[in-house]
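Biologist: I'm new to this one. Can you put it up and walk me through it?

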Amino acid sequence: MSSTAATLEDIIKQDLGFMWTILEWSRRTPWVSDNMDKIVSKHPLKDICAIVWVSAIYGLVELRSKHFWVVAMNLMVCGAANRLIEAKRPVEYDNRLQPRTDCNADSFGFPSVESYMSVVVLGHISWHTEPILFVFVGMPIIALVGFSRVYSRARFPHQIVGSWALGLIGLIASMHCCERMGFHVMKDHAHGVCVVGVLVVAMISFALAVENNDSRLAYIPKDEFTKVISDIISGVGQDVIE
């Protein structure tokens, strides 16, 4: 156990050195920092990771239930693993490495949801369309998403690499599971019930995120969110009385 802890500590030390090397290199190379600053943002819709979620929507349109269940299963597994492992982020080892993305205090480092899901989403789409696209399109996007998390000081390099590996395992396992369980040939009623269950879990997670802090998904401040919800509830209640 102690040897494992020592090994992880050594990896973290190497990663910290590597991250500082990247930061110093980017400061000496204006075109790198200028271009990275354009695709790295704490606002989800302005960040490079938005490509992953847009691709997921494209996959839903093209592949329908096959893509939905692979993405949903992996998103839940990744989110649960992130909360269970509670891996520390770079800022918790070096206070100077303040993250520029995923800034919430309740965020954890591993697995990186964006890096994990980039492998799942782009890998699954490529597998069912043109596998060669994964090499020329998917892999560059996955690499850029991963590098952006390190550049923005949100994740350690080893957390990104580990997330890629887990994402690949999750993709293969979920595709096999979905085929074995026949999710893609499920009757409409049963499929609808399962989708509702997934959406309920997603809404609960969203509500908890807002309750704990600002929403990462919609970027809505807690006080504004609660005010809007209160106004809606009051308006509905008034309509019922009238």
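Modeller: Here is a short tour, from the whole chain to a few helix contacts.

Modeller: This is a predicted model, where local features need pLDDT of at least 70, side-chain atom pairs count only at pLDDT 80 or more, and totals for chains, interfaces and linings use all residues. Residues are numbered from 1 along each chain as its sequence is written, and side-chain values use heavy atoms, with hydrogens and water left out.

Biologist: How many helices and strands are in the chain?

Modeller: Nine helices and zero strands. These are DSSP runs numbered from the N terminus: helices are H or I with at least four residues, strands E with at least two.

Biologist: What share of the chain is buried?

Modeller: Buried residues are 39% of the 242. Buried means under 20% relative accessible area, with a 1.4 Å probe and protein chains only.

Biologist: At what angle do α4 and α7 pack?

Modeller: About 130°, with the axes 9 Å apart. Helix α4 covers residues 65-85 and helix α7 residues 157-181. Axes are lines fitted to C-alpha atoms over the stretch in contact, and angles run from 0 to 180 degrees between N-to-C directions.

Biologist: What do you call that orientation of α4 and α7?

Modeller: The two are therefore oblique to each other. Under 35 degrees counts as roughly parallel, over 145 as roughly antiparallel, 65 to 115 as roughly perpendicular, and the rest as oblique.

Biologist: Which residues make the contact?

Modeller: From α4, K66, W69, V70, M73 and N74. From α7, G170, L171, S174, M175, C177, C178 and E179. Contact means heavy atoms within 4.5 Å.

Biologist: Let's pick N74. Is N74 buried or exposed?

Modeller: N74 is at 2% relative accessibility, so it counts as buried.

Biologist: What is N74 in contact with?

Modeller: Leaving aside neighbours within four places in sequence, N74 touches Y116, M117, V120, G170, L171 and S174.

Biologist: New topic. How many aromatic pairs does a search of the whole structure find?

Modeller: Three. One of them is F68 with W69, an edge-to-face pair at 5.0 Å centre to centre and 85° between the planes. Rings of Phe, Tyr and Trp (its six-membered ring) pair if their centres lie within 6.5 Å; planes under 30 degrees apart are stacked, over 60 edge-to-face, and the rest tilted.

Biologist: Are F68 and W69 buried or exposed?

Modeller: Both F68 and W69 are buried.

Biologist: Last one. How far apart are the axes of α3 and α4?

Modeller: They are 6 Å apart, at an angle of about 145°. F68 is among the α4 residues in that contact, and W53 is among those from α3.

Conventions: Buried means under 20% relative accessible area, exposed over 50%, partly exposed in between (1.4 Å probe, protein chains only).
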